[in-house]
Amino acid sequence: MSVVSPEAQQPPGPGTSCDLEQLDNKLDVLQSHWQQYGDCYRVASRTRSADTWVINHPDQVRRVLVSNHRNYTKGVGIERVRVLLGNGLMASEGERWRRQRRLLQAGFHRPGIATFFPIYVQQATMMAAQWRTAAQQGEPVNVSEAVSETTLLAVLQALFSEDLLRLQQEHGGNPFQVVSAETRRDLQFAMKFRALGKRVQEVVDARRRENRYPPDLLSHAMLARDKSSGTAMPDKLLVDEILTLVVAGHETTAAALTWVWYLLAAHPSVYAKVAAEARRLPVDKVPDWPILEKLVWIPRVIRETLRLYPPGWLYTRRALAEDRLAHWRLPAGADVFICSYLLHRHPDFWEQPEAFMPQRFAPQQEAERHRYAYIPFSAGPRHCIGESFAMTEMMIHLAVLAARIRPQVVEPLDVELETGVNLRPRDPLYLNFVAVD
Ligand code: HEM
């Protein structure tokens with residue numbers, strides 16, 4: 001009997017072909033295929049000649065995102081958002097991506113991020129006042145809408161600082177409001193959104209005319225120079241980068257905070273720990289890095305939320321050349337999907353994967369876990385540039401709000417998931433709050 005070496009074989013998979021990215025119930029299909037075929041399987045595409053490989057093991061994730069990342073472009077997932085983001089960081093590839101990443105990176109280092117803490121405090125304090133008023137009037141809060149507005153304002157202030165007010169005055173309101181007001185991400189939205197590039201260019205032109213560069217992300221991007229050529233990024237690319245940061249910095253954080261409040265409302269004992277920690281912080285003082293680094297429960301709750309409901313729930317890549325995944329030979333051109341939602345629930349790496357247990361992010365447990373079993377901000381060179389921005393914004397949001405309001409307990413509802421570009425509840429999340437003193 002001849003023995004076929006595993007190298008020559010293809011991983012298992014359903015016999016029928018389908019384009020996973022076009023399914024409405026992608027997550028259900030990925031979940032049931034995973035149960036049936038395991039951590040690496042293959043689905044033939046209807047429209048492309050190459051297959052889609054779906055991987056759900058941290059070793060394979062490390063291979064694709066980290067150790068052999070140069071072999072992969074972003075693939076089909078990014079095609080949907082390219083019309084929105086142009087050639088901004090999220091959607092660009094190769095040398096252009098590397099150059100742009102270098103130019104933008106310094107704006108996201110610790111000292112830069114700390115300059116945004118007063119913005120986060122101000123946003124959270126305003127939100128707390130609004131939610132307390134709703135609580136006193138016995139009205140429910142549309143949490144999805146509220147956190148969408150506050151995260152949009154936070155990223156806009158970090159980008160444009162004093163010019164945001166100027167834009168609002170000149171245009172009779174916030175021209176970027178559409179980003180939070182409209183939840184659909186169709187072609188119509190894309191056209192309205194791309195038109196906002198004109199507003200960005202207006203601010204850029206005004207700053208140059210007035211030789212005025214306030215300390216914000218836009219100034220950073222305008223003043224950044226390529227180390228080897230000494231040149232700045234062209235205006236068209238600058239506008240794409242700023243629009244990318246508006247979308248990437250707002251929708252993901254808004255989705256995450258919606259899930260945080262949902263989980264806290266369903267787990268009152270965890271809320272109690274968060275609130276106790278929040279109340280120990282100095283009132284009305286803008287925290288600094290050492291204060292944030294001493295927090296225990298607030299970051300654990302956020303990390304556990306991002307485990308259960310990672311906003312960027314599906315990463316797609318396309319192989320440029322042949323690669324090796326586990327003992328399979330991945331052909332050039334194949335698409336590779338990584339579903340962080342399922343990876344974060346892999347029973348080999350997570351005890352009681354469905355349970356909300358922030359204590360699993362204690363340092364000891366984190367150190368024992370496979371590094372690539374948890375990737376809410378992706379991994380490798382293309383990991384999220386805004387991770388610290390988002391984590392500090394969410395920590396400050398929670399620290400300010402949990403000390404002032406308590407969500408009324410809800411049964412762990414079976415919230416329907418919307419698996420668009422980001423993972424969020426399909427319907428707006430409404431919660432009732434109680435004001436606490
Ligand atoms: C909870 C909040 C956030 C989550 C969960 C998140 C998640 C992610 C993930 C998973 C990726 C990689 C996608 C991929 O590999 O296909 C990514 C990339 C990116 N994120 Fe975030 N993000 C968050 C907040 C932010 C913020 C606040 C900003 C900016 C202000 C930002 C800007 C970006 C950009 C520009 C990229 C592309 C980076 C590159 O390709 O070099 N994100 N994010």
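Two strands pair if DSSP finds at least two bridges between them. Helices (H or I, at least four residues) and strands (E, at least two) are DSSP runs, numbered from the N terminus. This is a predicted model, in which local features need pLDDT of at least 70 and side-chain atom pairs count only at pLDDT 80 or more, while totals for chains, interfaces and linings use all residues. Residues are numbered from 1 along each chain as its sequence is written, and side-chain values use heavy atoms, with hydrogens and water left out.

## The sheet

An open sheet is formed by 5 strands in the order E1-E2-E8-E5-E3, with mixed pairing. Strands E1 and E3 (72-73) stand at the edges with a single partner strand each, so one side of each is left without a neighbour in the sheet.

| Strands | Sense | Bridges |
|---|---|---|
| E1 (residues 40-43) and E2 | antiparallel | 4 bridges |
| E2 and E8 (residues 335-339) | parallel | 4 bridges |
| E5 and E8 | antiparallel | 5 bridges |
| E3 and E5 | antiparallel | 2 bridges |

Arg-42 has Trp-53 in E2 as its bridge partner, and Ile-55 stands opposite Ile-338 in E8. Further residues of E8 face two others: Val-336 stands opposite Arg-317, and Phe-337 stands opposite Thr-316. The bridge partner of Thr-73 in E5 is Arg-318.

Burial is judged by relative accessible area: buried means under 20%, exposed over 50%, and partly exposed in between (1.4 Å probe, protein chains only). Strand E2 (residues 52-55) is covered on both faces, with Thr-52 and Val-54 buried on one side and Trp-53 and Ile-55 buried on the other. In E5, 5 of the 6 residues are buried, so this strand is largely enclosed by the rest of the structure.

## The ligand and its shell

Which protein atom is the donor to the iron atom of the ligand? The single donor from the protein is SG of Cys-384, 2.3 Å away. Donors are N, O and S atoms within 2.8 Å of the metal (3.2 Å for Na, K and Ca); water is not among the atoms, so sites may look incomplete. Cys-384 is found in the loop between helix H18 (363-368) and H19.

A side-chain N or O atom of Trp-97 is 2.7 Å from a ligand oxygen. For Arg-317, a polar side-chain atom lies 2.7 Å from an oxygen atom of the ligand. For Lys-74, the distance from a side-chain N or O atom to a ligand oxygen is 3.3 Å.

## The loop between H18 and H19

Arg-382 also has its place in the loop between H18 and H19. This residue is buried, with a relative accessible area of 17%. A polar atom of the Arg-382 side chain lies 3.4 Å from the backbone oxygen of Met-90. Not counting residues up to four places away in sequence, Arg-382 is in contact (heavy atoms within 4.5 Å) with residues including Lys-74, Trp-97, Arg-101 and Arg-317.

Ser-378 lies in that loop between H18 and H19 as well. Its phi is near 65°, a positive value in a residue other than glycine. Ser-378 is buried, at 16% relative accessible area.

## Other residues

Asn-211, which is not a glycine, has a positive phi of about 45°. Asn-211 lies in the loop between helix H11 (197-210) and helix H12 (217-223) and is exposed, with a relative accessible area of 61%.

Terms used
Polar contact = N/O pair within 3.5 Å; in protein donor to acceptor, adjacent residues only side chain to side chain.
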